[in-house]
Amino acid sequence: MKWTMWHEAAVLSCLLFFLAWPSPAESVQWNCATCKGITDRFAEKYAETEKGGFGGGNTDWEETYLKEYRRSEVRLLEIIEQLCTKDNHACHALVEEHEELLEEWWRKDESPHTNLYKWLCIDHVKACCPNNTWGPSCRDCPVGREKVCSGRGKCDGDGTREGTGACSCDKGYQGALCEQCTVDHYEEYKNTTHVSCKECNEACDECYGPEANECKKCRDNHVLVEGSCEECDPLCKGCTGVGPENCVKCDVGKGADMVEGYCIECARPCHGCNGPGPENCKRCRMGYKQNKEGICEDVDECQSMCRLQHEVCTNTMGGYDCECEEGYKKNPRGDCVMLLKDEVASEVKKVNMFEKYMKPNKHPKKMLTGSTQEALRLVSIFFIVVLALVVAMVEPVLGAFVAVVGGVVWYFVLKTY
């Protein structure tokens, strides 16, 4: 048989697929919270199995039995079987992958309350770091004022193999080491070991002390009067002094308008006004109309609205409500239809059917992990490579195609487990 370019392409495709496949020795980065949860649960179950299910009776026999049971494989198996909840796939995967480490630690005859977390999660699984360190190599968190993040923040990734190590500061603090106050806080005191920031007075946007006369900048809708930030009149939107006569603009959202240099609150029917009362409206709000005397009065929408069968109209100031008569309800089209006992029974039946057939599966499929997954990977590699080479000997183009497509399909299948 003549060796062609297509034969070479098929073999190259198989080689590339083999090289691109994840190595069995490739390590998994486990989550620290998962590992710590396992060690906490181990300590809890260790305490629960302390007496091996015996709580009285033949004391001499129990003492002899418990000495054998205390560090037995039977007790270890009982504990391991209770470490993970049914739907916690990450926990099951970690335990299956590192069950031998748990067995090795078990033979050391040490208490899980003092040693297991450090031995398993930090030293061997390498999912966690000691306190005040972070990242893959457990680097030190930033220290200021002799404390991590000056004692005024948290180190991102602290105690884990993740994060950036940057300080996430508490409210009122900022800076790389959280030793500076934000602009809306002032520095109460600072020394070599402590820094304390307090919130500014509610009148201040920026400040250097706790009082309204210690503002660097006044908060919105406040004005500096004789060295102190004072609140503008409630009807003002910005002001040059205290009182409605010093408004820069009136707050339209509160129904205010400027009348002879003063902000006044317009009557409810008015959209802008020239004075108090509904007779001084510039124009009427929606739901109101001007009568012959020029006064804005409520429109009775019930004269023309809510005309569907079994609908009842209730007029309100500036609006109306359409509701169904008693014993009726609105359907999806907005019509009022009679509420029957059979309908109520039908609705209850629908809820029961939903609970029976639409609730999430209580027994989700367990992911393939550890040695099982690696074995499946190796078998898949061998199967695809052999199949592609065999096909390539007969039809080179088809062989290359089988290698590429087979590799892609198997890669995504295994990714789902």
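These legends go with a set of close-up views of one predicted model.

**Before you look.** Residues are counted from 1 along each chain as its sequence is written, and side-chain values use heavy atoms, with hydrogens and water left out. Since this is a predicted model, local features need pLDDT of at least 70 and side-chain atom pairs count only at pLDDT 80 or more, while totals for chains, interfaces and linings use all residues.

View 1. Helices (H or I, at least four residues) and strands (E, at least two) are DSSP runs, numbered from the N terminus. Of the 417 residues in the chain, 34% are buried. Here buried means under 20% relative accessible area, exposed means over 50%, and partly exposed is in between (1.4 Å probe, protein chains only). Now take the contacts (heavy atoms within 4.5 Å) between residues at least 6 apart in sequence: 36% of them join residues at least 24 apart.

**View 2. Helix α6 spans residues 99-106.** Have a look at Leu101, Leu102, Trp105 and Trp106, which are buried. Seen down the axis of α6, these buried residues fall within an arc of 140°, so they line one face of the helix. (The arc is that of the directions from the helix axis to the C-beta atoms.) What do they pack against? Their partners are α2 (32-48), α4 (73-80), α5 (89-97) and α7 (116-124).

**View 3. Here α2 packs with α4.** Their axes are 9 Å apart, at an angle of about 130°. Axes are lines fitted to C-alpha atoms, for helices over the stretch in contact, and angles run from 0 to 180 degrees between N-to-C directions. That makes α2 and α4 oblique to each other; under 35 degrees would count as roughly parallel, over 145 as roughly antiparallel, 65 to 115 as roughly perpendicular, and the rest is oblique. On the α2 side you'll find Phe42, Lys45 and Tyr46, meeting Arg75, Leu76 and Ile79 of α4. Sorted by class, the contact of α2 with α4 has 4 nonpolar, no polar and 2 charged residues. (Ala, Val, Leu, Ile, Met, Phe, Trp, Tyr, Cys and Pro count as nonpolar, Asp, Glu, Lys and Arg as charged, and the others, Gly among them, as polar.)

**View 4. This one shows α4 with α6.** The two axes cross at roughly 135° and come within 11 Å, so α4 and α6 are oblique to each other. From α4, the contact uses Glu73, Arg75, Leu76, Ile79 and Ile80, and from α6 it uses Glu99, Leu102, Glu103 and Trp106. That contact has 5 nonpolar, no polar and 4 charged residues.

**View 5. Serine 196 sits in strand β10 (residues 195-199).** Serine 196 is buried, with a relative accessible area of 6%. Leaving out residues up to four places away in sequence, it touches Arg152, Tyr173, Cys181, Tyr186, Glu187, Glu188 and Tyr189.

**View 6. Threonine 182 is in the loop between β8 (180-181) and β9 (185-190).** Is threonine 182 buried or exposed? At 17% relative accessibility, it counts as buried. Its C-alpha is 9.6 Å from that of lysine 198, 16 residues apart along the chain.

**View 7. Cysteine 204 is part of strand β11 (residues 204-207).** Cysteine 204 is buried, at a relative accessible area of 0%. Cysteine 229 is 25 residues apart from it in sequence and 6.9 Å apart in space, C-alpha to C-alpha.

Key. The arc is that of the directions from the helix axis to the C-beta atoms.
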